[in-house]
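Q: Could you walk me through this structure? I would like to start with the overall picture and then turn to details.

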Amino acid sequence: MFRNLLIAALAVAVVGTGVWGYQQKQEKNQLQITANNTYQRAFHDLTYHIDQIEDELGKTLAMNTQRQLTPSLADVWRVTSLAEKSLAELPVQELNMDDTEKYLFKIGDFTYRTSVRDLNKEPLTDKEYETLTQLYEQASSIRESMRKTQATVMQGDMQWLAQNDEQRENEPSQSSSVAGHFERLNKSVQGFSEVEWGATDSAIRNLNGELKEALAGKEKISKEEAKQRALDYLKLGEGTSVQINDSPKALEYPAYSLSIDDPDNQANYDMDMSVEGGEPIWFLQDRQIDKAKISLNEAVNKAQNFLERGGKEGMQLVESTQYDNVGVLEFAYVQDGVRIYPDNVMIEVALDDGDVISYVGRGHLIHHQEDRQIPEPKLTKEEAQAKVNKHVEIQEDHLAVIENDINEEVFVYEFYGTRDNDTYRIFINALTGEEEKVERMKDSEPEY
């Protein structure tokens, strides 16, 4: 009797395991189908957006009025952004698509910068028109390549997940595969002649290049000096373990990469320090952060002491936010009562013990000047405030220097105001009265 019951129980278990396995397989297959469909959609969206870029660029070449040209250039920028988003959604991470990504970025950057300026006062130059012509011809070549790839996808019923597995296994891409098509696309972009980006070329943002220029000529330090400076900066003992290497070649500026083990506090640090000048560019502490024991105001004091200890004087807190048990603080340099927002540092403070756990100083290193030339405002504070939306109640004001949407420094009045339950920061040009920028201030994140 017992034997029969045992056999029956085992049979039920086997059947149950089979049913469970079948369900798991079905769910896995369904997830794969969903993922493949998502990749297919992103790919066809990318192809469509490439078509649109060619069309919109072609339109700009036939236009003769600035009123029509500005929105058309803005459309090129908008569609290029959509193409970048679609490309980012595809499983091509193992492929070298750097040139294609940079090319799309530069098209978007060029058309955006050109569209936001007053083309009636500063019409397209001959060089910029030639740039648009080149971009149109090259967009046509990219569109043709994408159409061939699309035909391959539609004829072969290609599975994107299988393609992704092949990439991870470093298998050579077949010429007929989608990976092969993408690699050819990237090589075709490499083959384009260097585009003359006209008046906007020097404005294309390259933070690494700006940092290299800012540090150039300063006294170089050795690895041993960098190690000692890091320990002093973080107030760690001589016995602390430090590994130091040259930074990756991808960085344009020479730097040392440091990995620091602090067993006493169960923490690790990663840091980049410049070879020229021996300046910490950024660092990050990795450890478990416990429940908050200090206030955000106390964290601000800890951060200010940290800055003063590092020789960063004249820095003023301009924004503070709390996320869980971390205070996120932005400091800007102040000259003659004017906040210089590009000259800034970002600091994170752990609210369990007041440790500075993160620091980013690129802005200060690139933009700091002891005697910056600041003009006199042409508008009074009252005249500038009259330019602010009448529904916003002003609570606070400052003079400041900010960067506008095309990375140009602008002298402004900065107004903090409220509307209903929201707080806004509004920047009015102190020379022209134009509204330069409006930001909605973030609230502290609640704990969940």
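Q: How many helices and strands does the chain have?
A: The chain has 11 helices and 12 strands. Both are DSSP runs numbered from the N terminus, with at least four residues (H or I) for a helix and at least two (E) for a strand.

Q: What kind of model is this, and how are residues numbered?
A: This is a predicted model, in which local features need pLDDT of at least 70, side-chain atom pairs count only at pLDDT 80 or more, and totals for chains, interfaces and linings use all residues. Residues are numbered from 1 along each chain as its sequence is written, and side-chain values use heavy atoms, with hydrogens and water left out.

Q: What is the mean pLDDT of the chain?
A: The mean pLDDT, the predictor's confidence in each residue from 0 to 100, is 80, and 77% of the residues reach 70 or more.

Q: Where is confidence lowest, and where is it highest?
A: Confidence is lowest in helix α5 (residues 160-168), with a mean of 51, and highest in helix α11 (residues 381-385), at 95. Over residues 199-204 the pLDDT falls below 50, and this stretch has 12 contacts (heavy atoms within 4.5 Å) beyond near neighbours in sequence. Where pLDDT is low, the predicted coordinates should not be read in detail.

Q: How much of the chain is buried?
A: Buried residues make up 42% of the 448 residues. Buried means under 20% relative accessible area, exposed means over 50%, and partly exposed lies in between, with a 1.4 Å probe and protein chains only.

Q: On to the rings: how many aromatic pairs are there?
A: The structure holds 9 aromatic pairs. Rings of Phe, Tyr and Trp (its six-membered ring) pair if their centres lie within 6.5 Å; planes under 30 degrees apart count as stacked, over 60 as edge-to-face and the rest as tilted. One of the pairs is formed by Tyr233 and Phe306, which are edge-to-face at 5.1 Å centre to centre, with 75° between the planes.

Q: Which parts does that pair tie together?
A: Tyr233 lies in helix α8 (residues 223-234) and Phe306 in helix α9 (residues 296-309), so the pair ties together parts that are 73 residues apart in sequence. Tyr233 counts as buried because its relative accessibility is 12%, and Phe306 counts as buried at 5%.

Q: What about Phe283 and Tyr359?
A: Phe283 and Tyr359 are stacked, at 6.0 Å centre to centre and 20° between the planes. Phe283 in strand β4 (residues 280-286) and Tyr359 in strand β8 (residues 356-360) are 76 residues apart. Both residues are buried. Ring pairs link Tyr233, Tyr269, Phe283, Phe306 and Tyr359 into a cluster.

Q: Now strand β7: how many of its residues are buried?
A: In strand β7 (residues 338-350), 11 of the 13 residues are buried.

Q: Which way does β7 run against β6?
A: Strand β6 (residues 326-335) and β7 run antiparallel and are joined by 10 bridges; two strands pair if DSSP finds at least two bridges between them. Glu330 has Met346 in β7 as its bridge partner. Their hairpin has 2 residues between the strands, and Asp336 takes a positive phi near 55°.

Q: And how does β7 run with β9 and β8?
A: β7 runs parallel to strand β9 (residues 393-403), with 3 bridges, and Val338 has Leu399 in β9 as its bridge partner. β7 and β8 pair in the antiparallel sense over 4 bridges, and Glu348 stands opposite Ser358 in β8.
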